[in-house]
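Hello,

Here is the structure for you to look through. My notes follow below it.

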Amino acid sequence: MRMLINVPETVVADALRGLAAAHPELTVDVENRVIVRRDAPVAGKVALVSGGGSGHEPLHGGFVGPGMLSAACPGEVFTSPVPDQMVRAAAAVDSGAGVLFIVKNYTGDVLNFDMAAELAEDEGIQVAKVLVDDDVAVTDSLYTAGRRGTGATLFVEKIAGAAADEGMPLERVEAIARQVNENSRSFGVALSACTTYAKGSPTFDLPSGELELGIGIHGEPGRERRAMMTSGEIADFAVNALLEDRLPRNPVLVLVNGMGATPLLELYGFNAEVQRVLGDRGVAVAHTLVGNYVTSLDMAGASVTLCEIDEELLRLWNAPVRTAGLRWGV
């Protein structure tokens, strides 16, 4: 495989050095693997910390900044960060108002963030945790007990980040983050497997002319494998899987998310089909976001995330945000 890297061992460090050079508004500790908004800690503000394995960019480091995360902890590719990173991040951003850990439901992330919360509290930092588990495709997968955390992570980080920026207390920011997760459902489809740098070959075998329905963001197996389908057929399957699990009564936010290697031209065409299915099912759409936000290295494919919202959640979604990976209203 041809890759734009030096050597596999330095991929994450090289990316962090490049992120620091491109975004002086961030403080990037390459050695300790912590990304912090430069103005942290912000007096009186609840801080948001998230993290996970690298390879999902712009999640999470690309979402550090006003309106979203206070800090992010990148692990090695598809590998959880360690508790020391999380404690270091919490200490760097805590203003005394408390810290919210946003954790995708993968076993390593859950265990390490739990340990980090205990260590941070030993240092006098008040910590709350919210688990993101929005994927309807499978439960108890290769990396998880229960549902996987995928596209809804973006909605949780954006909406909770806006709540924190408004000065809401930790208990309220935590409650809003939980509400967003509970209101969200995701489903992903792979047209090709991803290739990790260490292995140098696809993470699973997907024969030509086939696709995998219900994949995760680490190349985990999905719900089923089928012969290649059209964009419209994939949208029918994915959106109906979401609506079978939760049929919204209120308008939804829609995320049509690329897995890393699918062109925007195709993602926008896929979004047209997603909107068709939602319209046919009578689901009102408040806002749609299309692009590569929660990726899986070079995997081709897409995921769809729906989040049912009320007026407060929509207001927080529309609030200004200024990060490397998401920016509006500023």
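**What was found**

R223 lies in the loop between β8 (210–213) and β9 (224–227). Helices and strands here are DSSP runs (H or I of at least four residues for helices, E of at least two for strands), numbered from the N terminus. This is a predicted model, in which local features need pLDDT of at least 70 and side-chain atom pairs count only at pLDDT 80 or more, while totals for chains, interfaces and linings use all residues. Residues are numbered from 1 along each chain as its sequence is written, and side-chain values use heavy atoms, with hydrogens and water left out.

R223 counts as partly exposed, at 37% relative accessibility. For this term, buried means under 20% relative accessible area, exposed means over 50%, and partly exposed is in between (1.4 Å probe, protein chains only). Between the C-alpha atoms of R223 and Y106 there are 18 Å, and along the chain the two are 117 residues apart.

**Salt bridges**

How many salt bridges are there? The count comes to 19, where a salt bridge is a side-chain nitrogen of Lys or Arg within 4 Å of a carboxyl oxygen of Asp or Glu. One of them joins K45 and D165, at 3.6 Å from N to O. K45 is in the loop between β2 (34–37) and β3 (47–54) and D165 is in helix α4 (residues 152–165), so this pair ties together parts that are 120 residues apart in sequence. K45 counts as buried at 7% relative accessibility, whereas D165 is partly exposed at 38%.

Another salt bridge is formed by R148 and D135, whose closest N and O atoms are 2.7 Å apart. Both R148 and D135 lie in the loop between β6 (127–132) and α4, 13 residues apart. R148 and D135 are both buried. Through shared partners, salt bridges also join R37, D39, K45 and D165 into one network. K104 and D109 meet in a salt bridge as well, at 3.7 Å from N to O, and both of these residues are buried.

E118, E121, D122 and E123 form a negative surface patch. Patch residues have over 30% relative accessible area and no salt bridge; like charges are joined within 9 Å, and nonpolar side chains (Val, Leu, Ile, Met, Phe, Trp, Tyr) within 5 Å. D122 belongs to helix α3 (residues 107–122) and is exposed at 67% relative accessibility. G124 sits in the loop between α3 and β6 and is exposed too, at 64%.

**Cysteines**

How many disulfides does a search of the whole structure find? The search finds 0, a disulfide being a pair of cysteine sulfur atoms within 2.5 Å. C73 is buried, with a relative accessible area of 1%, and C307 is buried at 0%.

**Backbone details**

E57 and P58 are joined by a cis peptide bond with omega at about 15 degrees, and P58 lies in the loop between β3 and β4 (71–77). L59 and H60 are also joined by a cis peptide bond, with omega at about -5 degrees; H60 is in the loop between β3 and β4.

Which residue other than glycine has a phi near 60 degrees? R33 does, and its place is the loop between β1 (26–29) and β2. R33 is buried at 17% relative accessibility. L297, not a glycine, has a positive phi of about 55 degrees. L297 is found in the loop between β11 (285–291) and β12 (301–308) and is buried at 16%.

Regards

Technical notes. Accessible areas come from the Shrake-Rupley method with a 1.4 Å probe; for residues, only the protein chains shown count as cover. Lys and Arg count as positive and Asp and Glu as negative; His and the chain ends are not counted. The place of a charge is taken as NZ of Lys, CZ of Arg, CG of Asp or CD of Glu.
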